[in-house]
Amino acid sequence: MKIGVIGSGAMGTGIAQVAAEAGHTVVVYDKYPKAIEKAAGNLTKVLYNLAAKGKRSIESVESLLGRIQFTTDFEDLGGAELAIEAVVEDLSVKKEVFSALEALLGPEAILATNTSSLSVTSIAASCEHSSRVLGIHFFNPAPLMQLVEIVPALQTAPECVEEAKKMITAWKKVPVIAKDTPGFIVNRVARPFYGEALRILEEGLADIATIDWAMKAIGGFRMGPFELMDYIGHDVNYTVTETVFREFFYDPRYKPSFSQKRLVDAGFLGRKSGRGFYDYGEKAVNPEPQKDENMGREIVWRIVCMLINEAADALYLNVASREDIDLAMTKGVNYPKGLLAWADEYGIQLCVNALDRLHGEYLEDRYRCSPLLRKMGRTGRRFYDRES
Ligand SMILES: NC(=O)c1ccc[n+]([C@@H]2O[C@H](COP(=O)([O-])OP(=O)(O)OC[C@H]3O[C@@H](n4cnc5c(N)ncnc54)[C@H](O)[C@@H]3O)[C@@H](O)[C@H]2O)c1
């Protein structure tokens with residue numbers, strides 16, 4: 001099968017590698033010769049480095065690269081049965097790409113977008129045969145991250161979703177189905193991991209090192225929120241928060257933080273710029289955590305309850321199934337447990353009480369409890385039956 005990838009940035013190159021790894025012939029197209037040159041060079045270097053470290057054979061590298069064609073000629077995408085678009089996150093650019101793709105590939109091909117934050121439905125609206133358009137959202141780096149969110153547009157035909165799901169499974173990835181709502185599953189449900197940590201910091205309840213320590217040592221997360229924001233880059237992370245906030249018609253639950261905005265204003269973007277919440281300079285002295293177990297448990301409890309509330313609300317609003325919400329957070333952002341399973345373990349009524357306490361204290365809509373969580377707490381139900 002021939003797969004077309006449009007856009008040769010970090011995501012496009014990663015997706016091309018995944019598709020070629022699954023045995024497909026892949027054509028990667030970019031409008032800019034410099035970008036395509038860089039992508040081909042980077043992928044070749046990474047793969048040969050893996051071979052040098054003994055992590056894969058030279059033969060497998062050569063055959064993989066032999067299946068990928070890098071091009072700036074749009075016509076080379078002709079004959080692709082599936083095209084995955086990974087160009088810049090700009091609706092008008094994406095719409096243009098989709099109408100050109102439809103004209104080239106005809107009504108039978110599946111046209112997918114890797115957008116993180118735009119409406120798949122509005123991208124599909126640029127096509128005449130919009131029933132073959134959907135979101136196939138990979139995570140960065142695509143060759144390593146297992147999760148793929150499949151996002152049907154309002155116009156997408158169910159059989160197209162099934163085809164995409166089958167294909168992604170065959171590519172050895174874990175597909176979940178997400179409704180076309182802002183942030184899909186992961187970028188919506190994960191917001192409080194950053195937002196509530198920032199709020200605790202801004203209130204002066206704990207410092208960054210203590211919050212990060214608590215979330216790792218007590219919460220079991222692989223990275224603390226501040227380390228992770230520094231790693232992702234504040235420009236990227238802040239933009240996602242801002243977009244989700246705006247797309248949710250300014251729901252206060254997703255309100256961005258000034259502390260993070262100021263880092264972006266200053267150009268302190270995290271690891272990539274040498275400074276974010278932490279200093280990455282050679283002689284940097286970073287703060288030590290206060291390893292106070294009680295305080296740590298409070299921090300984890302508050303942030304995880306907010307995450308559980310977000311997951312429950314996504315289920316309540318039919319963004320995805322219970323299993324897919326939990327899979328998305330464990331496979332997409334490596335959470336130690338699925339949030340709905342975690343709610344069962346904590347006790348749902350206790351989560352409701354924690355949220356109500358916060359709401360009572362701050363009188364902010366940010367802390368409103370999801371109706372589903374409240375109802376389940378009241379009726380003593382669990383997300384998963386004890387025997388399942
Ligand atoms: N970076 C991430 O962590 C991440 C994760 C998931 C999804 N995404 C989404 O994937 C998409 C690409 O992200 P990225 O990080 O790879 O971006 P990037 O900026 O690294 O790459 C975008 C590429 O698109 C090319 N391009 C721009 N306009 C084009 C056009 N009209 N035709 C063809 N190519 C064009 C650019 O030359 C560039 O090479 C975006 O929609 C983004 O939201 C990004």
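Mentor: Start with Pro141, which sits in the loop between strand 6 (133-138) and strand 7 (147-152). The model is predicted, so read each value below as computed from it. The peptide bond leading from Asn140 into Pro141 is cis. Its omega is near -5 degrees.

Asn140 is among the closest residues to the ligand, together with Gly7, Gly9, Met11 and Ala35. In total, 23 residues surround the ligand. By class, 12 of the shell residues are nonpolar, eight are polar and three are charged. Two helices to pick out here are helix 1 (10-21) and helix 4 (91-105), each supplying at least two shell residues. Helix 1 gives the most, with three.

Take Ile136, which belongs to strand 6. Is Ile136 buried or exposed? Ile136 counts as buried because it has 26 C-beta neighbours inside 10 Å, and the cut-off for buried is 20 or more. Setting aside residues within four places in sequence, Ile136 is in contact with Ile84, Ala112, Asn114, Val148, Ile150, Ala164 and Ile168. Ile177 is 41 residues away from Ile136 along the chain, yet their C-alpha atoms are separated by 9.5 Å.

Tyr250 lies in the loop between helix 11 (234-247) and helix 12 (258-266). Tyr250 is not a glycine, but its phi is positive, about 65 degrees. Tyr250 counts as exposed because it has 10 C-beta neighbours inside 10 Å, where 12 or fewer is the cut-off. Leu363 is in the loop between helix 16 (348-362) and helix 17 (371-379). Leu363 also has a positive phi without being a glycine, at about 50 degrees. Leu363 has 9 C-beta neighbours inside 10 Å, so it counts as exposed.

One more positive phi is worth a look. Asn318 follows helix 13, with phi near 55 degrees. Helix 13 itself covers residues 293-316, which makes 24 residues. From its first C-alpha to its last, helix 13 reaches 34 Å. That is close to the 34 Å expected at 1.5 Å a residue.

Technical notes: Residues are numbered from 1 along each chain as its sequence is written. This is a predicted model: local features need pLDDT of at least 70, side-chain atom pairs count only at pLDDT 80 or more; totals for chains, interfaces and linings use all residues. Helices (H or I, at least four residues) and strands (E, at least two) are DSSP runs, numbered from the N terminus. The expected span of a helix is 1.5 Å times one less than its number of residues. A residue is near a molecule or strand if its C-beta atom, placed from the backbone, lies within 6 Å of it. Ala, Val, Leu, Ile, Met, Phe, Trp, Tyr, Cys and Pro count as nonpolar, Asp, Glu, Lys and Arg as charged, and the others, Gly among them, as polar. Two residues are in contact if their C-beta atoms, placed from the backbone, lie within 7 Å.
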